[in-house]
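Look at the sequence and the model first.

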Amino acid sequence: RTSCFSERCLSRTIQRFYGTITANRHGTTRKMEAIRTKSGLLVDPFTITQEQIGELDFIHSLSCINRYTGWAKYPFSVGQHTYNLAKHVPTKLRKAAIVHDMAETFFNDLASPVKSEYEDYREDEKVCLNRIALYYKVPVSDFKDLDPYDKAIYIDERNVLFDNIGPPGMGDERVGLGVDPWFMRERHWREVYMDLSRLHIE
């Protein structure tokens, strides 16, 4: 079936990866299409600039967005996932781990079955992430190296956050990273924010 997300994006031209976005999805710039951030800055994720990226407090949003679309036994944020991943990857991938979900501050953490229905979603999110990575000087290739760790930590999270695993689902055949369940404990978003703040990406 035709994706409504795809239809909304037809008028936008994108140069892949670090490319320049020449128009938004309607070919115009309108305030109603922007996301208001904590500081009040209005950002269109399809036309986000390096200057805007430099002004944004990404970890605030990461600390407030739920993973698993809220179906875990308690709220577990993208920020907590980011922190745990950054603490359990090789040092050379730590910066990529901190940055890897920053585009979700605009695109949210949609469940994989939903993402698969919107053919442009993953590519649009990727373009936004690559622009953020450019600002923080993270090589795009680092995200590919990070991916096995990102997928593996799902197992550690699943084992703690769901009371009944039930029948095998997508990704359940993987082996986890062996993260201590203490890292998946229920936490206030401000605590997660402070932990992420201490990781210091430059």
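Predicted model: local features only at pLDDT ≥ 70, side-chain atom pairs only at ≥ 80, totals over all residues.

The structure holds eight salt bridges.

| Salt bridge | Distance (N to O) |
|---|---|
| D57 and K38 | 3.9 Å |
| K73 and D163 | 3.3 Å |
| R198 and D195 | 3.0 Å |

Take D57 and K38, whose side chains meet in a salt bridge. D57 sits in the loop between α2 and α3, and K38 in the loop between β1 and β2, so the pair ties together parts 19 residues apart in sequence. D57 is partly exposed, at 30% relative accessibility. K38 is exposed, at 56%.

K73 and D163 also form a salt bridge. This pair links distant parts of the chain, 90 residues apart. K73 lies in the loop between α3 and α4, D163 in the loop between α9 and α10. K73 is partly exposed at 45%, while D163 is exposed at 68%.

R198 pairs with D195. R198 is exposed, with a relative accessible area of 54%. D195 is buried, at 14%. Both residues belong to a network of salt bridges that also includes R187 and E191.

Now the cysteines. A search of the whole structure finds zero disulfides. C128 is buried, with a relative accessible area of 1%. C64 is partly exposed at 43%.

Last, E55. This residue lies in helix α2, which spans residues 50-55. E55 is partly exposed, at 45% relative accessibility. E55 and L41 are 14 residues apart in sequence, and their C-alpha atoms are 8.5 Å apart.

Note on methods:
Residues numbered from 1 in each chain as written. Heavy atoms only, no water. Disulfide = S-S within 2.5 Å. Buried < 20%, exposed > 50% of the residue type's maximum accessible area, 1.4 Å probe, protein only. Helix = DSSP H or I, 4+ residues; strand = E, 2+ residues; numbered from the N terminus. Salt bridge = Lys/Arg side-chain N within 4 Å of Asp/Glu carboxyl O.
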